[in-house]
Amino acid sequence: MTRFIDVHSLVRLVDETGVPEFLAALSDALRDDFLRWREFDKKARVASHSHLGVIELMPVADDGAYAFKYVNGHPHNTQVGLPTVMAFGVLAEVDTGYPVLLSELTLTTALRTAATSAMAAKALARPDSRSLALIGNGSQSEFQALAFHALLGIEEVRVFDTDPHATDKLVRHLSACTPLQIVRAACVADAVRGADIVTTITAYQGNAAVLTPEMIEPGMHINAVGGDSPGKTELHPGVIGMARVFVEYEPQTRVEGEIQQVAPDFPVHELWRVLLGEVPGREDARQVTLFDSVGFALEDYTALRYIQRMATERGIGQQIALVPELDDPKDLFGLTASGRRRAVLRRAA
């Protein structure tokens with residue numbers, strides 16, 4: 001049987017754990033898997049683009065488990081009452097191909113993205129960072145703020161979105177659940193000014209310049225999350241040129257990330273090498289660092305494994321017959337009505 005985690009089961013798991021605690025444990029698990037990066041069979045995601053959005057499949061595997069995520073990105077969905085991003089995923093045994101987990105990944109994607117952002121910032125931002133500018137206050141914004149508060153000690157969050165209702169929502173949620181000092185900014189430049197860390201997490205489907213070079217100050221760490229497909233970016237190319245740039249999986253980020261705007265030989269560093277100590281991260285306190293985060297399948301693999309372990313320990317979710325359970329593994333026809341009638345006739349004879 002396959003364990004099935006629907007939205008309600010995942011919410012129960014998160015609520016029982018606590019959002020900050022869930023983020024912290026997931027960030028630790030992500031670091032552990034990034035440290036064994038070489039063990040994974042990796043490839044860029046497979047994407048199907050339309051004029052309204054994109055649908056993607058994101059696979060990855062090691063010697064023991066195979067995982068994939070189905071995910072979309074349709075910025076106009078909110079106009080018809082649907083989330084911009086929706087996702088589900090599967091975790092299977094490599095030895096047999098048997099699917100052991102089918103799980104929602106919409107809420108989980110927001111959690112794993114925030115946990116990845118915080119993991120990267122711990123390696124790249126100045127250790128004394130205390131203020132975060134959060135540009136884009138949509139569905140993932142609270143998780144980003146909570147992850148940076150819990151894992152990096154961020155005390156102040158400066159927030160801005162072109163949609164004031166999104167900012168109202170963010171301020172309402174954060175005010176109710178954290179001691180963070182929340183500052184509403186009048187524009188991007190006001191939010192960014194003096195910030196130690198800047199996270200951009202907008203949904204605009206196109207080449208935007210949310211951050212421009214004159215906004216960038218020495219020592220900033222930039223966490224660029226919203227640009228995650230061809231033709232969808234958030235940073236002016238000049239910002240990229242000012243920074244030491246880090247990515248998840250370079251072949252994918254060259255196509256989908258902020259660095260799609262620069263020359264193919266523009267130097268970048270994969271984050272796992274920093275975590276392993278193979279290349280330096282931040283080299284001095286005044287250096288600008290950029291994590292060009294597009295989301296990579298390994299992060300979903302980690303999240304699915306974490307959900308499987310926690311759900312199994314707590315008895316959360318349900319067991320479903322996603323694939324047939326057969327007395328004779330060669331007799332698939334026997335599941336059908338015709339097959340069952342033939343079996344009855346054989347027994348009667």
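Two strands count as paired here if DSSP finds at least two bridges between them, and strands themselves are DSSP runs of E with at least two residues, just as helices are runs of H or I with at least four, both numbered from the N terminus. This is a predicted model, in which local features need pLDDT of at least 70 and side-chain atom pairs count only at pLDDT 80 or more, while totals for chains, interfaces and linings use all residues. Residues are numbered from 1 along each chain as its sequence is written, and side-chain values use heavy atoms, with hydrogens and water left out.

Let's start with the sheet. Eight strands form an open sheet with parallel pairing, in the order β10-β9-β8-β11-β13-β17-β15-β16. β10 (181–184) and β16 (269–270) stand at its edges with a single partner strand each, so one side of each has no neighbour in the sheet.

Now step inside, to strand β11 (residues 197–200). β11 runs parallel to strand β8 (residues 131–135), joined by four bridges, and Ala 133 has Val 198 as its bridge partner in β11. Another four bridges join β11 to strand β13 (residues 221–224), again in parallel, with Thr 199 opposite Asn 223 of β13. In a regular strand the side chains alternate between the two faces of the sheet. In β11 both faces are covered: Ile 197 and Thr 199 on one side, and Val 198 and Thr 200 on the other, are all buried. Buried means under 20% relative accessible area, exposed means over 50%, and partly exposed lies in between (1.4 Å probe, protein chains only).

Helix α3 lies across β13, β15 (244–247) and β17, running at about 155 degrees to β17. Contact here means heavy atoms within 4.5 Å; axes are lines fitted to C-alpha atoms, for helices over the stretch in contact, and angles run from 0 to 180 degrees between N-to-C directions.

α3 also has a helical partner. The axes of helix α1 (residues 7–17) and helix α3 (residues 106–124) come within 9 Å and cross at roughly 35 degrees. Leu 10, Val 11 and Val 14 of α1 meet Leu 107, Thr 108 and Leu 111 of α3. By class, this contact has five nonpolar residues, one polar and no charged, where Ala, Val, Leu, Ile, Met, Phe, Trp, Tyr, Cys and Pro count as nonpolar, Asp, Glu, Lys and Arg as charged, and the others, Gly among them, as polar.

Next come the strands around Arg 3. Strand β1 (residues 2–5) pairs with strand β18 (residues 318–320) in the antiparallel sense over three bridges, and with β7 in parallel, also over three bridges. Arg 3 has bridge partners in both: Gln 319 in β18 and Leu 101 in β7. Val 100 sits in strand β7 (residues 99–104). Leaving aside residues up to four places away in sequence, Val 100 touches Thr 2, Arg 3, Leu 91, Ala 92, Glu 93 and Gln 308.

After α10 comes Gly 315, with a positive phi near 65 degrees.

Finally, the aromatic rings. Rings of Phe, Tyr and Trp (its six-membered ring) pair if their centres lie within 6.5 Å; planes under 30 degrees apart count as stacked, over 60 as edge-to-face and the rest as tilted. By this rule the count is eight aromatic pairs. Trp 37 and Phe 296 form a tilted pair, 5.5 Å centre to centre with 35 degrees between the planes. Trp 37 and Phe 296 are 259 residues apart, and both are buried. Ring pairs also link Phe 34, Trp 37, Tyr 249, Trp 272 and Phe 296 into a cluster.
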